[in-house]
Amino acid sequence: MTGAAGITAPAAANAIRHVLVVGGGTAGWLTACHLAKKLGAGRPDGVKVTLIESPDIPTIGVGEGTVPAIRRTLADLGIRETDFIRACDVTFKQSIRFDGWVDGTADDRYHHIFDYPAVGEVDLTPYWLLGEAGNVPFADAVSVQAAICERGLGPKTMAHAEYDGAASYAYHLDAAKFAAFLTRHATEKLGVTHLLGHVGDVRVADDGHISAVATDRHGTIEADLFVDCTGFAARLVGQALKVPFIPRNDILFCDHAVAAQVPYANADAPIASSTIATARDAGWIWDIGLTGRRGTGYVYAEKYTSHEDAEATLRDYLRPTVGAVADEVACRRIPMRVGYREKFWVGNCVAIGLAQGFVEPLEATGLLVYDATARMLADQFPPSKQAINTVAERFNARVRHAWDKVIDFIKLHYCLSQRSDTQFWRDNRDAAGIPDSLRANLELWAHQPPRDYDFPSRFEIFNLENYLYVLYGMRFETSMAPIRYRYGAQDTARAMFAHLRQATEQACSQLLPNRALIDRIQRHGLQRV
Ligand SMILES: Cc1cc2nc3c(=O)[nH]c(=O)nc-3n(C[C@H](O)[C@H](O)[C@H](O)COP(=O)(O)OP(=O)(O)OC[C@H]3O[C@@H](n4cnc5c(N)ncnc54)[C@H](O)[C@@H]3O)c2cc1C
């Protein structure tokens, strides 16, 4: 039927009735959950969602840090925060603490916290830059959260409802347990069909669309839309459809990680409220505290260190806290492919997860981007096969923008460093490796503080507040003298800084240490939303 302006209504034959997600890592299960929830997978009139994963290929098994957006996802998917905390060895994360990134001296550390800078009568950033808060670090001056993190406290009390807190927060979690938890939720509550089987042959029709995949245990499976969540293998989008991969290791040099899980010194040891990211000669070490163990790893650039030295660097880092365990613990080397696909949606195949793209896990961008794109796919799900091309074109533009912005933001941490002790750090400051978009912003921000006008897209992954914490944590200099005349509300700003100092003490006095809070939630549960 043709309506106004010659627009044709979709025929039933063009409806998208079945989506096959290939891959059962966190990306696959998050995608299946978003699609199933949005498209009514369990209902007779809904879209069928099937997930197939190979029993022979393990998931990557790392990915323990998240960002606050995950709370919205879990709530939207109908997951109880208490269940999630109990099932996935979850602890609360309120910042990334960067140790040794500015100049490598003993007291070199700052927090990228999750709370927004306090909002009041005036924007505090220019007044902090003008010295109205004294020598207090930026994050401590504009928010109560840096102090909460430094004292190892949780972000909420038992009186807060699920997903609500005194301060914004994310989680540290066990990646394997999280995938298993999502599996149960997707299959038991959201109507996702789960198959164990290996996808071999991928049948591609003349129009470039995938018609079916051949599996070892379930014969040939047809679907209208395929989602490639097969990890770095990129079985559909890379191997079958040959979509080129655009490397970005000219900007971000780290291309390997060596990971180790270590026990706490004792069962009651404090759990840090931050991911600790410690700079080293050829990269940085992550340190994430879960309930029963720490997950650690050295992310490094092979061009600047050997695998043996990288492993030794990780063991050296661990020795002061775990003693002899540092020399005995198993270390696992993980190659990392840095960059993204030229396109993320081609024909009827969408890539999400490591198959889509990846950059080093400095700001926990993996789950963040995959979750955001899975949500986008579900929200923008094409009403018919006819609409696929238009939706795909927009999807590709937005996801490309997201990755480029993620790369800008990660590079920011490196290119502002004053470290010059190794070639890795010196090369990171080389202008040739700094994307034009980031360089243009830095040139502007050298003369005025960043403003929200600098972040015009509604789909920005990192926004003004993220940049403020990293820029001024890294001691970036904005020359305020020429524009000082614009900021005449010193008294108001000083009063706001003083108020925040008081509020910090008050907030801290009401919060439990991270471990004590988690223990209580494990035992008693949180109030329902
Ligand atoms: C060192 C490192 C640290 C990281 N840290 C973080 C972090 O702190 N925070 C964060 O958000 N992210 C992090 N990430 C990213 C994180 O690992 C990913 O977000 C997450 O694990 C998603 O992976 P995935 O599901 O795409 O792939 P995988 O976990 O690799 O899963 C791939 C799935 O595809 C299946 N599969 C493969 N081939 C086939 C086939 N032919 N047929 C059927 N099934 C197939 C496998 O069986 C598996 O189920 C990190 C990544 C690395 C490398």
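Modeller: Let's start with Tyr163, which lies in the loop between H6 and strand S6 (170-172). Helices (H or I, at least four residues) and strands (E, at least two) are DSSP runs, numbered from the N terminus. Residue numbers count from 1 along each chain as its sequence is written. Please keep in mind that this is a predicted model, in which local features need pLDDT of at least 70 and side-chain atom pairs count only at pLDDT 80 or more, while totals for chains, interfaces and linings use all residues.

Biologist: Where is Lys242, and is it buried or exposed?

Modeller: Lys242 sits in the loop between helix H8 (235-240) and strand S12 (245-247). With 9 other C-beta atoms within 10 Å, it is exposed. Its phi, near 60 degrees, is again a positive value in a residue other than glycine.

Biologist: Now strands, please. How should I read strand pairing?

Modeller: Strands of a sheet pair through backbone hydrogen bonds, either parallel or antiparallel. Here, two strands count as paired if DSSP finds at least two bridges between them. Strand S8 (residues 199-204) and strand S9 (residues 210-215) are antiparallel, with four bridges. Arg203 has Ala212 in S9 as its bridge partner. Ala212 in turn is the bridge partner of Glu222 in S10. S9 and strand S10 (residues 220-222) are also antiparallel, over three bridges.

Biologist: Which glycines have a positive phi in these hairpins?

Modeller: Five residues separate the strands in the hairpin of S8 and S9, where Gly208 has a positive phi near 85 degrees. Four residues lie between S9 and S10, and Gly219 in that turn has a positive phi of about 65 degrees.

Biologist: In what order do the six strands of the open sheet run?

Modeller: The order is S7-S2-S1-S11-S20-S19, with mixed pairing. Strand S7 (193-196) and strand S19 (345-346) are the edges, each pairing on one side only. S2 and S7 are parallel over four bridges, and Thr50 stands opposite Thr193 in S7.

Biologist: What about the interior? Which residues have the most contacts inside the largest nonpolar core?

Modeller: In soluble globular proteins, nonpolar side chains tend to be buried together. A nonpolar core is a set of buried Ala, Val, Leu, Ile, Met, Phe, Trp, Tyr and Cys residues joined through C-beta atoms within 7 Å. The largest one here has 157 residues, and Val22, Ala32, Ala36 and Val49 have the most contacts inside it. Helix H12 (residues 388-415) gives the most to this core, with 13 residues. Two residues are in contact if their C-beta atoms, placed from the backbone, lie within 7 Å. Beyond neighbours within four places in sequence, the contacts of Ala36 include Val49, Ala186 and Leu190.

Biologist: And how is the protein divided into domains?

Modeller: The bounds come from an automatic or database domain assignment. It gives domain 1 (16-64 + 174-245 + 342-402), domain 2 (91-172 + 435-514) and domain 3 (256-335). The C-alpha centres of domain 2 and domain 3 are 27 Å apart. Their contact takes 20 residues from domain 2 and 14 residues from domain 3. On the domain 2 side, strand S3 (91-93), strand S4 (95-99) and helix H6 (145-150) each supply at least two residues; S4 gives the most, with five.

Biologist: Why does the ligand lie between domain 1 and domain 3?

Modeller: Both domains give residues to the shell around the ligand, so it lies between them. A residue is near a molecule if its C-beta atom, placed from the backbone, lies within 6 Å of it. There are 37 residues around the ligand, and Gly25, Gly63, Gly231, Gly353 and Gly366 come nearest. Helix H1 (26-39), strand S2 (48-53) and helix H11 (365-379) each supply at least two residues of this shell.

Biologist: How many residues of each class are in that shell?

Modeller: Ala, Val, Leu, Ile, Met, Phe, Trp, Tyr, Cys and Pro count as nonpolar, Asp, Glu, Lys and Arg as charged, and the others, Gly among them, as polar. The shell has 18 nonpolar, 16 polar and three charged residues.

How values were computed: Buried ≥ 20, exposed ≤ 12 C-beta atoms within 10 Å, placed from the backbone.
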